[in-house]
Amino acid sequence: MHEMTFAIPGYGASTQHSLTLLSFGNPDARPHIHIQGGLHADEAPGMLVARLVADRLARLERSGALKGRVTVLPAANPIGLAQFVHGDQTGRFDLYDGRNFNRDYPDLAPAAAERLAGRLGADPAVNMILVRTALLQALADRTPIAPADVLRATLLRLALPADVVLDLHCDGEATVHLYTQAASLERILPLAALTGCRAVLLADVSGGEPFDEALVRPWLDLAARFPDHPIPCGCASTTLELRGRVDVDRRQAGADADALIAYLVHAGAVAGTTTLPPPACAPTPLAGSEALIAPVAGLLSYVASLGDEIAAGQTLAEITDLGTGAVTPVRATTAGVFFARPATRIAEPGKRIGKIAGSTPFREGALLSP
């Protein structure tokens with residue numbers, strides 16, 4: 001194992017954070033798989049799983065079982081880890097400007113295209129090397145100022161060399177699910193099967209420029225910009241949601257870490273064989289997912305359980321008015337799997353109180369939660 005530390009400036013004068021990357025295997029080996037936890041720094045399950053994966057990789061490296069390269073960021077957001085409000089950690093949004101740490105990643109395709117003009121040829125393998133180099137150079141040409149933007153640039157720089165990137169998150173309360181792109185689906189479906197995902201949500205453009213799309217979309221854009229030269233999609237990425245915020249348990253995390261190691265075996269980064277279980281769901285469009293909205297304020301209780309198959313028109317939850325005692329049912333308009341809900345049980349008008357993975361697209365524009 002090789003450990004590298006990167007300095008991330010703080011917002012206050014003379015303050016600084018550090019970001020630690022753990023690297024396993026030959027730095028030049030392929031495939032290169034990159035795993036990070038805690039981009040939303042108040043989502044602990046992914047950080048624990050990433051840490052346990054690193055521990056397993058250290059043992060596998062000592063035994064000579066690593067065939068590729070694996071890099072791990074157990075805690076990808078030191079800025080968010082340092083943010084507390086009245087004793088509660090708040091690591092989803094930057095308290096300085098309110099931006100989501102998993103949004104606003106730069107589009108590197110235009111600058112990379114300028115560097116690639118006249119250089120691409122007929123060999124897709126050579127073109128892949130040229131594109132990856134151009135993307136890294138395009139990123140290096142940028143000069144981020146704000147600490148959170150320095151962090152964004154650093155995270156991209158560490159992930160861009162990888163063939164597959166696994167970004168580990170969680171929801172408020174949820175079953176295991178993931179977000180990915182059509183171009184990544186073939187390489188990510190085995191991970192979905194191994195982790196028992198109950199929803200696989202597809203979108204090429206989900207809105208807000210999240211981290212995972214910033215790694216894949218440039219490849220697709222450049223392939224469209226240079227149609228006479230074969231450019232394979234050099235990166236597959238996913239946001240893997242490991243249940244809910246309170247699901248921090250070493251036994252469960254150990255099982256998740258074992259599933260990720262099995263995926264590394266399947267992908268060829270670790271020696272061995274893996275038998276894939278049958279998938280627990282079929283992929284569905286993110287544009288077909290319904291975010292149920294509380295129509296009134298009150299106390300929230302659920303009629304349906306996470307993982308249930310929901311029919312259109314079925315009551316998912318009920319909201320009790322504290323003044324009158326009136327009960328307002330909240331019904332689904334979409335059929336699909338009930339895969340996520342908030343961790344709180346106090347509703348206000350407009351609050352997102354549940355997510356259903358439906359198979360028929362009906363939404364446009366920004367598809368992700370804020």
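Biologist: Leaving aside neighbours within four places in sequence, which residues is Ser237 in contact with?
Modeller: In this predicted model, Ser237 is in contact with Val165, Tyr179, Thr180, Gln181, Ser184, Ile188, Asp212, Glu213, Leu215 and Val216.
Biologist: Where is Ser237 placed?
Modeller: Ser237 sits in strand β11.
Biologist: Is Ser237 buried or exposed?
Modeller: Buried, because its relative accessible area is 0%, and the cut-off for buried is under 20%.
Biologist: What does its side chain reach?
Modeller: The Ser237 side chain comes to 2.8 Å from the backbone oxygen of Asp212.
Biologist: Now the largest pocket. What is its volume?
Modeller: About 880 Å³. The lining has 45 residues, and Arg92, Asp171, Lys355, Ser369 and Pro370 lie nearest the centre.
Biologist: Which elements give two or more residues to that lining?
Modeller: Among them are β7 (164–171), α7 (211–225) and β11 (236–244). The largest share, four residues, is from β20.
Biologist: And the lining by class?
Modeller: There are 16 nonpolar, 13 polar and 16 charged residues.
Biologist: Switching to the largest nonpolar core: which residues touch the most other members?
Modeller: Of its 43 residues, those are Ile35, Leu57, Leu166, Leu168, Leu240 and Leu260. Elements supplying at least two residues each include β7 and β11, while α8 gives the most, with nine.
Biologist: What is Leu57 in contact with, beyond four places in sequence?
Modeller: Leu57 is in contact with Phe24, Leu66, Val70, Val72, Ile261, Leu264 and Val270.
Biologist: How many residues are in the second core?
Modeller: That separate core has 41 residues, including Leu19, Leu130, Ala159 and Ile231.

Conventions
Residues are numbered from 1 along each chain as its sequence is written. This is a predicted model: local features need pLDDT of at least 70, side-chain atom pairs count only at pLDDT 80 or more; totals for chains, interfaces and linings use all residues. Side-chain values use heavy atoms; hydrogens and water are left out. On a 1 Å grid over the protein atoms alone, a cavity is a set of points where a 1.4 Å probe fits but cannot get out, and a pocket is an open set with protein on both sides within 12 Å along at least five of seven lines; lining residues have an atom within 4 Å of a point. Grid points are joined across faces, edges and corners, and a volume is the space filled by probe spheres set on the points. Ala, Val, Leu, Ile, Met, Phe, Trp, Tyr, Cys and Pro count as nonpolar, Asp, Glu, Lys and Arg as charged, and the others, Gly among them, as polar. Buried means under 20% relative accessible area, exposed over 50%, partly exposed in between (1.4 Å probe, protein chains only). A polar contact is a pair of N or O atoms within 3.5 Å; within protein, one must be able to donate a hydrogen and the other to accept it, and residues adjacent in sequence count only if both atoms are side-chain atoms. Contact means heavy atoms within 4.5 Å. A nonpolar core is a set of buried Ala, Val, Leu, Ile, Met, Phe, Trp, Tyr and Cys residues joined through side-chain atoms within 4.5 Å.
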